[in-house]
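Subject: Structure handover

Hello,

Please find the structure below, followed by notes on what was found in it.

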Amino acid sequence: MRLGVLDVGSNTVHLLVVDAHPGACPLPAHSHKAELRLAQLLDDDGAIGPHGVDRLVSVIKEALQAAEDKGAEEVLPFATSAVREARNADDVLERVRAETGVELQVLTGSEEARLTFLAARRWFGWSAGKLLVLDIGGGSLEVAYGIDEEPDAAASLPLGAGRLTAGWLPGDPPDPDDVRALRRHVRTEIARTVGEFSRFGTPDHVVATSKTFKQLARIAGAARSAEGLYVQRELKRESLEGWVPRLAAMTEQERAELPGVSEGRAGQLLAGALVAEAAMDLFGVERVEICPWALREGVILRRLDHMESV
C-alpha cells in the first residue's frame, strides 16, 4: 500500500509518502515539506499565535492535497514538541481538526525517542548489538538505548536546535558570552540524564539521526546526500570540536554557504552543534554513524507492524 506520514515538527511540516507492506523496506515515493519553525512562533506566554496557527492549517491542507495527488491510501499525522508544549495546544489541535479533518496525534518525548530507536534498529539490524541513538530536533533532543527493538531507556530533553537558538542566541553572529551560557546550560541538562543510561553499559554502536547531525557530518567531510542512502556517513567528536568555534564566529549567511547546510537551517546550526558536541562528550562517544531513518520511518514501521499483527 502507499502510506503517507505527516510530521508536524518544530522546524518543518513534512509529508513523506512511501510504498510499503509488512515485512518489506518502505520505499520513499514522494516528499513534501514546508518550513514553519513552530518552535520559534511561540509568544511570551508559550502559545502559538494566530498567524502561526493560520500557517499551520494552510500547510497541512497543502500536504493533504499532495498525499491525495500521490495516491496515498492512508496518512499518519503526528506532532512533536512545538505543539506538545504550546500553552494553547488543545485549541490548535481542534482548529486543525475542524478545518482539515486531521486528528494530529501528539507524541510524548518518550514516544519520539522510542519510535526513532525502532527506525535505527531496523536500519542497522540485530548485528549492531546495543544501540545508543541520539536525535536533535527543532524542539528537543531524544536519547534512547537498548539491545531490542524497544529501548531499555529513553529520554527527551528540551534541547532542540530551533528552541535554543530562539531563546539563547539572538545575535548574528552570536555574542561569545551567549554561546558560553548556552554551552553551560546544554551540558548541565544532558549531564542529568547520563546516569540513567550508563548503568546499562557501553553501547556497541552509536547512531545519530536528524537534519542537524546530517549537516554537521556533511561539513566535517561526510558524503553528499546525492551519493545515496547506503553510503556510510559518520561524525567524529574531534572534528565537531574543531567546527564549533568556527560556527560560533560565522554569521547565519556564512553558515548557509557551507556544504550541505540549507539556508533555513543555517541559523540554528550552532545551537545544534553545541548539543551534539555535549552529548557525544558526556556520553563518552568518539564517533556516531548517521542513520537515514528516524522518527517518520519509525511511525511507518510501527503502523506496518500493527497491520501484520491484525
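**Overall make-up**

The protein has 12 helices and 11 strands; helices (H or I, at least four residues) and strands (E, at least two) are DSSP runs, numbered from the N terminus. This is a predicted model, in which local features need pLDDT of at least 70 and side-chain atom pairs count only at pLDDT 80 or more, while totals for chains, interfaces and linings use all residues. Residues are numbered from 1 along each chain as its sequence is written, and side-chain values use heavy atoms, with hydrogens and water left out.

For 310 residues, a compact globule would have a radius of gyration near 19 Å, and the protein agrees, with 19 Å. That radius is taken over C-alpha atoms, and the globule rule is 2.2 Å times the number of residues to the power 0.38. The C-alpha trace spans about 50 × 45 × 35 Å along its principal axes. The accessible surface is about 13,500 Å², and carbon and sulfur atoms hold 47% of that; areas come from the Shrake-Rupley method with a 1.4 Å probe, and for residues only the protein chains shown count as cover.

Of the 310 residues, 52% are buried. Buried means under 20% relative accessible area, exposed over 50%, and partly exposed in between (1.4 Å probe, protein chains only). Among contacts (heavy atoms within 4.5 Å) between residues at least 6 apart in sequence, 69% join residues at least 24 apart.

**The five-stranded sheet**

An open sheet with mixed pairing has its five strands in the order β3-β2-β1-β4-β5. Two strands count as paired if DSSP finds at least two bridges between them. β3 (27-35) and β5 (105-106) are the edge strands, each with a single partner, so one side of each has no neighbour in the sheet. Helix α1 (residues 50-69) packs on this sheet and touches β1, β2, β3 and β4 (74-79), its direction making about 160° with that of β3. Axes here are lines fitted to C-alpha atoms, for helices over the stretch in contact, and angles run from 0 to 180 degrees between N-to-C directions.

Within the sheet, β1 (residues 2-8) and β2 (residues 12-19) are antiparallel and share seven bridges. Leu3 stands opposite Val18 in β2.

**Nonpolar cores**

A nonpolar core is a set of buried Ala, Val, Leu, Ile, Met, Phe, Trp, Tyr and Cys residues joined through side-chain atoms within 4.5 Å. The largest one holds 51 residues, and Ile190, Phe213, Leu216, Leu247, Phe283 and Val288 touch the most other members. Helix α11 (residues 269-282) supplies the largest share of this core, 10 residues. Leaving out residues up to four places away in sequence, Ile190 touches residues including Leu141, Leu157, Val275 and Phe283. Apart from this core lies another, of 26 residues, among them Val17, Ala63, Ala72 and Ala86.

**Three individual residues**

- Asn88 lies in the loop between α2 (81-84) and α3 (89-100). Its relative accessibility is 14%, so Asn88 counts as buried. Beyond residues up to four places away in sequence, Asn88 touches Ala47 and Ile48.
- Asp90 is in helix α3 and, at 64% relative accessibility, counts as exposed. Asp90 and Glu74 are 16 residues apart in sequence and 24 Å apart in space, C-alpha to C-alpha.
- Arg237 belongs to helix α8 (residues 237-249) and counts as buried at 14% relative accessibility. Not counting residues up to four places away in sequence, Arg237 touches Met280, Asp281, Gly284, Val285 and Glu286.

Regards
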